Amino acid sequence: MKPFRKAILTEEELRNLTGTPGPLASNKVIPFLDIHCRSFLAKSPFLLLSTSSNKGLCDASPRGDHPGFVHVLDEHHLLIPERPGNRRVDSLRNIIANPYVGLLFMIPGLEETLRINGKAWVIQDQELLEPMQVQGRIPQLGIAVEVEECFIHCAKSFKRSGLWEPTTWLPKDSLPKPAVMLAEHAKLPNVSAEDVADLLHDSYTKRMY
């Protein structure tokens, strides 16, 4: 039994509702990193990495550092440093099982984004990773991507959401409390939300690189 009524099940049904893209959208995809894409990457401090397992279980994970932290190796390859995290390595495990990835690069204040799709490998090539060191620490691993598609994504979602407009942001005291959420989701014995907040603070101040 389907969980939702009136689901669209074929591309023909979908196209009957949405129509087809115009010539600009149809022809905007290029298969390499040109001068414009390289300039975008050099200015971007943040990306979203989408992966999926060989069973189709999907994951979207943020990656961020100083602008230009993703290195362009040549017009068909780029490298993302793998900084210290929580050791779940969801993205890395997915890439090993299913190498196809989607990347969405953002630049604060710019409403258009750059999308890159391709094939990825988890690598430990010190010659490539050494130039990515920060505070004297070389990444242990990197995500190398062979670029298959690059294209600019329009700004409508950012304009609708007002994401970069501080006047749309909620007051800090009304934001969700991640430490409370983590404590209640993990349900570890004798670990309070305050304990989790301390753990997060320690990680953010001492284990960034």
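This is a predicted model: local features need pLDDT of at least 70, side-chain atom pairs count only at pLDDT 80 or more; totals for chains, interfaces and linings use all residues.
Is K6 buried or exposed? With a relative accessible area of 76%, K6 is exposed.

**View 1. K6 and R87 are two residues with positive phi.** Phi of K6 is near 60°, a positive value, and K6 is not a glycine. You will find K6 in the segment before α1. R87, likewise not a glycine, has a positive phi of about 70°. Look for R87 in the loop between β4 and α4. R87 counts as exposed, at 75% relative accessibility.

View 2. The patch covers about 300 Å². One of its members, I8, sits in the segment before α1, the helix of residues 11-18. I8 is partly exposed, with a relative accessible area of 42%.

**View 3. Helix α4 has five buried residues to look for: D90, S91, L92, N94 and I95**. The helix itself spans residues 90-97. What covers these buried residues includes a set of strands: β1 (46-52), β2 (58-64), β4 (77-82), β5 (100-106), β6 (113-123) and β7 (141-153).

**View 4. The largest nonpolar core has 23 residues**. In soluble globular proteins, nonpolar side chains tend to be buried together. Here, the members that touch the most others are L78, I80, L103, F105 and I116. At least two residues of this core come from each of α3 (35-43), β1, β4, α4, β5, β6 and β7. Strand β7 gives the largest share, four residues. Apart from this core lies another, of five residues, including L79, I123, L129 and A144.

**View 5. L78 and its contacts.** Which residues does L78 contact, leaving aside its neighbours within four places in sequence? They are L33, L41, V70, H71, V72, L73, L103, I116, I143, A144, V145 and V147.

**View 6. The structure holds zero disulfides**. A disulfide needs two cysteine sulfur atoms within 2.5 Å. For C154, the closest cysteine sulfur is in C37, 16 Å away, so the two are too far apart for a bond. C154 is partly exposed, with a relative accessible area of 40%. Another cysteine, C58, is exposed, at a relative accessible area of 68%.

Definitions and conventions. Residues are numbered from 1 along each chain as its sequence is written. Side-chain values use heavy atoms; hydrogens and water are left out. Buried means under 20% relative accessible area, exposed over 50%, partly exposed in between (1.4 Å probe, protein chains only). Patches are made of residues with over 30% relative accessible area and no salt bridge: like charges are joined within 9 Å, nonpolar side chains (Val, Leu, Ile, Met, Phe, Trp, Tyr) within 5 Å. Accessible areas come from the Shrake-Rupley method with a 1.4 Å probe; for residues, only the protein chains shown count as cover. A salt bridge is a side-chain nitrogen of Lys or Arg within 4 Å of a carboxyl oxygen of Asp or Glu. Contact means heavy atoms within 4.5 Å. A nonpolar core is a set of buried Ala, Val, Leu, Ile, Met, Phe, Trp, Tyr and Cys residues joined through side-chain atoms within 4.5 Å.
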